[in-house]
Every structure is written in C-alpha cells, then in structure tokens.
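Colleague: I have a model open and would like to learn how to read some of its features. Could we go through them one at a time?

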Amino acid sequence: MKARIEAELPFYFGPGRELFGFYHPSAAVTGAAVLLCPPFGVEQIRCHRLYRQLAHGLAESGLPVLRFDYYGTGDSAGESRAFEWTRCLADVATAANELRNRTGGARLLAFGARLGANAALAAAQSARLDGVVTWDAITSGDALVRQYDRMQDALKVDLNRFEVARPELDVSTQWPGFERGEGLRAQLQALRLLDPGMASAWLSSAMTDEASRPLDHHVGRQVSVDVSPRWDDVDCLEMAILSHPLLDAAKRLLKEMA
Amino acid sequence: MHEQAFRFGSARHLVGVVGLPAVIDHGVGVIFLNAGMVYRVGPFRLHVDLSRRLNALGYPTLRFDLSTIGDSGASGQRLSRPEQVVADVSDAMELLKQQSGSTRFVLFGLCSGAQNAHSAAHADSRVVGACFLDGYGHRTFGQRVRHYLPRLLSLSTWRNRLLRRGGSASPRPAEPAFVVEPLPPKVVRAELADMLQRGLKLDFVYSGGVTRYFNHIRQFRECFGRLADHPGISASYFEETDHTYVLTGDRQRLLDHVAQWMGRHFPVTRPGT
C-alpha cells in the first residue's frame with residue numbers, strides 16, 4: 001500500500017506548466033492507460049474523492065491513470081472565471097499527451113463525469129483517445145445553463161445558508177460557487193452531445209436531472225447505476241459524492257475496453 | 001505562477017502545493033488546513049484564491065491535505081487524530097521552510113480546520129499567528145436571547161413549525177458526519193491565553209452561517225472575556241455570509257480582510273510582485 005502511494009506523483013505539466021496533474025502508475029502493464037477528465041465547478045470538488053478512488057482501483061488492476069485539473073480549476077493556474085470550453089478541450093489533449101509520454105505510448109481511454117464526459121468526447125480525436133466511459137454526460141447544454149441559473153436563484157434565498165436573502169447584485173454573473181463569464185454561458189448553451197464514433201459506454205445515475213437525461217440512441221450502451229448525486233440541488237453543494245456501484249461499473253467498463 | 005506540487009511528510013504520505021512569491025524575504029509562511037473533508041483547494045477554491053493573493057503580496061504559502069483527507073494517505077504511525085494533525089502540520093512547516101526559508105508560520109483554517117489550527121498553534125512554537133474562520137466560540141446567554149427571541153415573536157416561524165408537523169415540508173438531506181469534538185471553553189480560553197502570552201497574533205472571523213453558536217460580534221467578549229481586549233487578538237463577524245463563502249463577493253471580502261490582517265501584523269518588506 002505504502003509503495004503504491006509513494007509512486008503516485010502530483011506535478012505541474014503542459015506548456016508553461018500551468019496544469020496540475022496526479023499520476024497513478026501501475027505495476028502491471030496492460031498496454032492501456034486512463035485519463036480522468038473532471039467535471040466543472042463545484043461538481044469537480046464534489047467528485048474529488050471518487051476520482052481518487054477510481055484512480056487507485058484502476059492502477060491496481062493494471063491501468064495507469066492521470067487525473068488533472070483544467071486551466072482555471074482545482075490546483076491549475078488561472079482564476080476560476082478564466083475557465084472556458086475551448087481551452088478545456090485543449091487541456092484534455094495536453095493531458096492525454098502527458099499520459100501517453102509517461103506510459104510509453106499506451107492506448108488511451110478516458111472517463112468523465114458531467115462536463116468532463118463531454119470534454120473527453122469532444123476532444124477524443126485531438127487527444128487520440130481509443131474509448132470513453134461517461135457518467136451523466138450533459139445531453140443538453142441549454143438545460144445545464146438553466147439548471148445552474150436556477151440553482152443560483154435558489155441560493156439567493158436559501159435561508160438554511162444565509163440569515164437573510166441576498167440581493168440580486170451579490171449573486172448575478174455567478175453559478176453556484178464560481179464566477180462565470182458570458183462567453184462560457186454561450187459556449188455551454190451551444191453544447192450538444194455527439195456520438196464519438198468510437199468505443200463508448202454511458203453510465204447514468206438512477207435519478208437523472210434535466211441536463212443529463214439520456215438520449216434515445218445511447219440506450220443500447222447505457223448502464224444505469226444506483227447513485228443519486230443530486231447535481232441540481234443546492235443543499236448538496238458541499239457534499240462529496242461517494243459511490244461503490246459507480247466505481248465498480250466504471251472500472252468494469254474501462255477494463256473491458258482496455 | 002510559482003507553484004510546485006509535493007509529496008512530503010515523515011512517511012511521504014502528505015500532498016500539498018507550495019506557492020512562492022517572486023521575491024522571498026524569509027518572512028512568515030502561510031499554511032492552509034483542510035476545511036472539513038474538502039480537499040486542499042478549499043470550499044469553492046477559497047484556499048487557491050487566497051494563497052495566490054498572499055503570494056502576490058510576498059508571502060510563501062502551502063495548501064495541503066492532512067493524513068487520510070484529499071490526496072494524502074495514512075502516516076502509518078500510531079497517533080491519535082489530534083496528535084496526527086499536529087505532526088502533519090509540523091511536516092508542512094518543514095516543507096515550507098525548505099522551499100522558502102521561512103521559519104515562522106501563520107495557520108489558516110475554516111471550521112474543523114480552525115480547530116486543527118488552534119491545536120497546532122498551541123503545540124508548536126514556530127507558529128506565530130493564526131486565522132480562525134468559524135472557529136472556537138460557544139453559546140452564551142446573549143446568543144440564545146438573540147437567536148430565540150425573534151423566532152418566538154415571529155408568526156411565520158410558528159406557521160412553518162405547524163406546517164412541518166403536518167408533514168408538508170421536505171426535510172433537508174442528511175449531511176456527511178465529520179465533526180471534530182470541540183475542546184471545552186475553559187480549555188480553549190487557557191490555551192488562547194498561552195498563545196497570546198507567547199506573542200501569537202490571532203484573528204477570529206465568524207460568518208452568518210454559524211448562528212447556531214455565534215450570532216453577534218459582542219458574543220466574542222461573552223465567550224473569551226478579557227482576552228478580547230488583548231492587542232494580539234481580533235474578531236470580526238461577517239453576518240451576511242454563509243459558512244463556506246459560496247458567493248464570490250463574500251470570498252473577495254474575506255481575501256481583503258486576511259490580506260489586511262497579514263499586512264498589519266506580518267508586514268512584508270519586499271512585496272512579491
């Protein structure tokens with residue numbers, strides 16, 4: 001156990017060393033590696049432990065893993081308001097190259113939750129990915145933007161959190177926990193989920209929200225998992241997501257693809 | 001950006017990110033402790049924003065995960081949790097010293113992070129200051145009056161209570177149980193007195209999110225008596241904010257407050273940028 005933790009490596013990478021990464025090597029060699037693409041904003045923080053557990057599990061079963069933070073998120077450089085979709089996709093490709101270099105040219109698979117799934121799918125070609133496992137991928141960018149707006153509105157009058165309701169000025173131009181620009185809003189509104197034309201599997205929570213409702217043509221490859229992350233609930237903003245069924249399903253699908 | 005990630009500690013079980021100013025003047029370094037189970041970036045990235053703000057002002061920083069939280073593993077030592085926290089913070093100070101030359105440190109902690117910062121500040125002479133967010137405090141007679149009296153007189157409170165009894169209101173979801181057993185008030189006062197005598201600078205910031213135990217700046221004196229008059233201690237009450245500073249404007253105000261407090265008590269002779 002200690003030897004494995006010793007070998008795990010936090011580091012900065014990419015041009016300008018602006019991206020934070022965490023590499024989990026694997027003792028066994030299977031010829032494949034996994035890139036974990038995080039979700040965005042508060043969802044990234046809520047998923048941190050789950051991603052770490054998934055990385056450990058995959059590395060133990062012979063798949064080296066790279067976790068990383070997009071520019072403007074987590075420990076990576078950039079202010080939170082600097083996060084934007086085009087850069088996010090470029091970061092996926094940069095991280096994929098980093099993982100490929102560290103593993104000596106292994107086949108690359110990716111896992112992503114929510115916008116992390118969309119990022120992996122959208123960057124699959126530029127990042128030269130060989131397969132993607134998604135969890136609650138965003139099927140409607142429009143619905144996601146509406147959801148974030150609704151949550152921010154709910155936050156404003158959340159008397160479990162604030163003694164008195166907050167004025168509009170204090171909460172505008174933000175989504176729960178983070179500042180957002182009009183550019184990002186437009187980018188996410190325009191987001192559509194495209195089938196990557198490659199190996200893909202679609203994990204779906206037992207109770208889906210409006211933004212990640214499964215599409216008809218994914219039904220054949222969709223796996224329902226008994227987990228309720230409640231992505232759209234402001235009462236859950238600080239709640240870490242932990243789920244063994246999700247971890248088991250993600251590991252199984254990635255190992256099948258490898 | 002001058003940030004570097006490290007695995008460190010007695011068993012190389014800890015993970016953290018050191019942030020350095022462009023010019024280091026060997027002044028104090030600032031160390032961020034986990035807020036509950038949130039990993040080192042802090043609630044809504046608070047620790048990242050604040051550490052970079054302090055780096056720009058000339059202070060070296062380290063945000064890290066305590067044993068078994070975030071990306072850190074177990075130390076393998078047979079220590080109680082409070083002992084492990086003190087040992088981890090000691091390892092963190094050693095790393096920041098190696099990287100920046102700092103030999104004196106300020107600790108920053110929110111919620112259980114404040115309690116852990118209190119323990120480490122009391123135990124280790126290298127700590128010269130601490131910023132406690134929603135840290136120690138206890139309910140007083142005044143707090144109870146301010147909390148219950150308006151509710152007793154409020155018609156809507158009674159109406160809501162009756163509605164809840166009828167089962168029409170949905171309950172809040174259960175929150176993860178991670179509660180640090182607080183020290184008794186008498187022990188807290190004695191340890192704070194010790195720290196002030198050693199010359200530590202202490203800053204208490206309470207938010208409107210903890211009215212269940214703190215709801216007015218006057219309560220600080222009710223809790224800590226004469227200690228409240230000590231020049232090394234200061235207290236603020238950010239009534240409108242919530243416990244985790246979910247709004248960016250509230251976080252900005254907190255950043256301004258901490259930066260000013262640091263500048264007042266630990267001035268940097270050569271600013272970082």
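This is a predicted model: local features need pLDDT of at least 70, side-chain atom pairs count only at pLDDT 80 or more; totals for chains, interfaces and linings use all residues.

Colleague: Let us begin with charged pairs. How many salt bridges does the count come to over all chains?

Modeller: Side chains of opposite charge can pair when their charged atoms come close. Here the count comes to 35 salt bridges over all chains.

Colleague: Which residue forms a salt bridge with Arg87(A), and how far apart are the closest N and O atoms?

Modeller: The partner of Arg87(A) is Glu18(A), with the closest N and O atoms 3.3 Å apart. This pair links distant parts of the chain, 69 residues apart. Arg87(A) belongs to helix H4 (residues 85–103) of chain A, while Glu18(A) sits in the loop between strand S1 (9–13) and strand S2 (19–24) of that chain. Arg87(A) has a relative accessible area of 25%, so it is partly exposed. Glu18(A), at 26%, is partly exposed as well.

Colleague: What are the closest N and O distances for Arg81(A) with Glu79(A), and for Arg230(A) with Asp233(A)?

Modeller: For the salt bridge of Arg81(A) with Glu79(A) the value is 2.9 Å. For Arg230(A) and Asp233(A) it is 2.9 Å.

Colleague: Are the residues of those pairs buried or exposed, or in between?

Modeller: The cut-off for buried is under 20% relative accessible area, with exposed over 50% and partly exposed in between. Arg81(A), at 49%, is therefore partly exposed, and Glu79(A), at 47%, is partly exposed too. In the other pair, Arg230(A) is partly exposed at 38%, whereas Asp233(A) is buried at 17%.

Colleague: Now helix packing. At what angle do the axes of H3(B) and H6(B) cross?

Modeller: A crossing is read from the angle between the two axes, its hand, and the residues that meet. The axes of helix H3 (residues 112–123) and helix H6 (residues 185–197), both of chain B, come within 10 Å and cross at roughly 50°. That angle makes H3(B) oblique to H6(B). The crossing is left-handed.

Colleague: Which residues meet there?

Modeller: From H3(B) they are His118(B), Ala121(B) and His122(B), and from H6(B) they are Val188(B), Glu191(B), Leu192(B), Asp194(B) and Met195(B). By class, the contact has four nonpolar, two polar and two charged residues.

Colleague: And in chain A, at what angle do H3(A) and H9(A) cross?

Modeller: Helix H3 (residues 48–60) and helix H9 (residues 244–257) of chain A have axes that come within 10 Å and cross at roughly 40°. The two helices are therefore oblique to each other. Their crossing is right-handed. H3(A) contributes Leu50(A), Gln53(A), Leu54(A), Gly57(A) and Leu58(A) to the contact, and H9(A) contributes Leu246(A), Leu247(A), Ala250(A), Lys251(A) and Leu254(A). Sorted by class, there are seven nonpolar, two polar and one charged residues.

Colleague: Next, burial. How many of the eight residues of H5(A) are buried?

Modeller: Helix H5 (residues 115–122) of chain A has seven of its eight residues buried, so it is largely enclosed by the rest of the structure. The buried ones are Leu115(A), Gly116(A), Ala117(A), Asn118(A), Ala119(A), Ala120(A) and Leu121(A).

Colleague: Last, the backbone. What is phi of Arg12(B), and of Thr68(B)?

Modeller: Most residues other than glycine have a negative phi, and most peptide bonds are trans. Arg12(B) has a positive phi, near 50°. Arg12(B) is placed in the loop between strand S1 (3–8) and strand S2 (14–19) of chain B, and is partly exposed at 37%. Thr68(B), also not a glycine, has a positive phi of about 70°. Thr68(B) lies in the loop between strand S4 (61–65) and helix H2 (81–100) of chain B, and its 39% relative accessibility counts as partly exposed.

Note on methods:
Residues are numbered from 1 along each chain as its sequence is written. Chains are lettered from A and ligands numbered from 1 in the order in which they are written. Side-chain values use heavy atoms; hydrogens and water are left out. Axes are lines fitted to C-alpha atoms, for helices over the stretch in contact, and angles run from 0 to 180 degrees between N-to-C directions. Helices (H or I, at least four residues) and strands (E, at least two) are DSSP runs, numbered from the N terminus. Angles under 35 degrees count as roughly parallel, over 145 as roughly antiparallel, 65 to 115 as roughly perpendicular and the rest as oblique. A crossing is left-handed if the near helix is turned anticlockwise from the far one by less than a right angle, and right-handed if clockwise. Contact means heavy atoms within 4.5 Å. Ala, Val, Leu, Ile, Met, Phe, Trp, Tyr, Cys and Pro count as nonpolar, Asp, Glu, Lys and Arg as charged, and the others, Gly among them, as polar. A salt bridge is a side-chain nitrogen of Lys or Arg within 4 Å of a carboxyl oxygen of Asp or Glu. Buried means under 20% relative accessible area, exposed over 50%, partly exposed in between (1.4 Å probe, protein chains only).
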